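Notebook open, model loaded. I'll jot down what I look up as I go.

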Amino acid sequence: MSVFPATAAAKSADRRAAPGSGARPRPAHQRAAYWFIAPLGLGFAVFYFWPLLQTFYFSFTEFGAFGGHTFIGTDNYARVLKDVTVWQALGNTLIYSLIGLTALPVAIVVAALLNRRGLRGVSVYRALYFVPFVTLPVAVGLVWNWLYNGDFGLLNELLGHLGIDRHYWVSDPSTAVYAIGTVMVWSSTGYYLVIFMAGIKGIPRDYYEAAELDGAGVLRRFLTITLPLLSPTLFFASVICMINSLQTFDLIYIMMAERNPAIGDTQSVVGLFYKWAFMENAQGAAAALAFLLMLIIAALTFLQFRLQRRWVHYA
């Protein structure tokens with residue numbers, strides 16, 4: 001007989017409930033868990049899974065001018081694959097994605113600089129970088145349209161003082177895509193900056209102190225400690241950045257007027273979807289285009305997950 005019967009009973013209960021002991025949760029506990037995840041599951045089914053099925057079905061139909069739709073098979077997909085504007089919009093979207101990815105190295109460098117020991121006002125700098133991300137795209141687009149204006153824009157005024165000729169940045173097809181991409185990088189850097197600062201703070205300071213004792217400089221510590229240990233965070237940010245860039249629409253819509261001569265050279269896939277679905281009454285073709293964009297995003301995300309095994313280091 002144990003001297004401490006209550007303690008012995010508690011230990012026996014812990015052994016019965018310990019992981020790997022073969023004990024299963026009670027049915028009542030299972031039902032409680034289902035109730036907790038039910039709101040999220042219901043929201044996913046209603047707002048994500050069901051619209052996905054509807055989009056896939058409507059991609060095989062043609063809508064009438066006054067409503068209603070008829071099944072036409074794969075004609076919409078044939079139209080999408082043969083349309084030159086689709087491939088041009090896809091090329092523009094890929095350019096936006098590549099430009100958008102440049103926000104990641106900028107955010108990493110700034111995050112490393114802001115994480116220096118003894119630096120004051122870090123929260124102020126972080127807030128200033130984050131403000132463009134939470135600003136409405138409409139406001140961002142209007143402000144940058146003024147900055148890019150070829151007649152009285154601030155950018156051309158500054159270049160004029162340097163002896164550089166004025167340029168119509170968002171009206172010239174050769175520069176419009178890159179001008180919009182620059183605004184994308186400017187507005188999204190703060191978001192990734194906050195993520196990378198949190199990731200850098202999770203790196204033990206002992207590594208940096210040991211490297212300093214060995215005589216490693218700032219650049220050496222950044223390349224051999226910060227980047228490898230930050231690779232999981234960088235992988236997460238790269239996936240999010242790629243997905244967001246492939247769905248770019250609102251900023252382009254605000255910055256490019258309908259009569260802009262470069263509108264065709266800056267149109268994204270989502271912009272073309274909006275044009276077909278809400279302006280040309282081609283909802284079936286728009287649904288096919290949206291479904292193909294979803295497949296492209298899924299394929300690129302899968303590729304990123306496959307490649308991350310080679311460069312992501314989990315401590």
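**Helix H15 and what sits by it**

I started with H15, which has 29 residues and spans 42 Å from first C-alpha to last, close to the 42 Å expected at 1.5 Å a residue. The expected span is 1.5 Å times one less than the number of residues. Helices here are DSSP runs of H or I, at least four residues, numbered from the N terminus.

Ground rules: this is a predicted model, with local features needing pLDDT of at least 70 and side-chain atom pairs counting only at pLDDT 80 or more, while totals for chains, interfaces and linings use all residues. Numbering runs from 1 along each chain as its sequence is written, and side-chain values use heavy atoms, leaving out hydrogens and water.

I listed buried residues next (under 20% relative accessible area, exposed being over 50%, partly exposed in between; 1.4 Å probe, protein chains only). In H15 they include Gly284, Leu289, Phe291, Ile297 and Gln308.

Then I checked H14 (residues 269-278), where Val269, Val270, Gly271, Leu272, Trp276 and Ala277 are buried. Their cover includes H3 (75-82), H4 (84-101), H11 (218-246) and H15 (283-311); contact means heavy atoms within 4.5 Å.

**Two single residues**

Is Asn115 buried or exposed? Asn115 is buried, because its relative accessible area is 16%. I found Asn115 in the loop between H5 (103-114) and H6 (122-134). Leaving aside residues up to four places away in sequence, Asn115 touches Met197, Ile200, Lys201 and Arg205.

Phe47, in H2 (residues 27-58), counts as exposed because its relative accessible area is 62%.

Key. Helix = DSSP H or I, 4+ residues; strand = E, 2+ residues; numbered from the N terminus.
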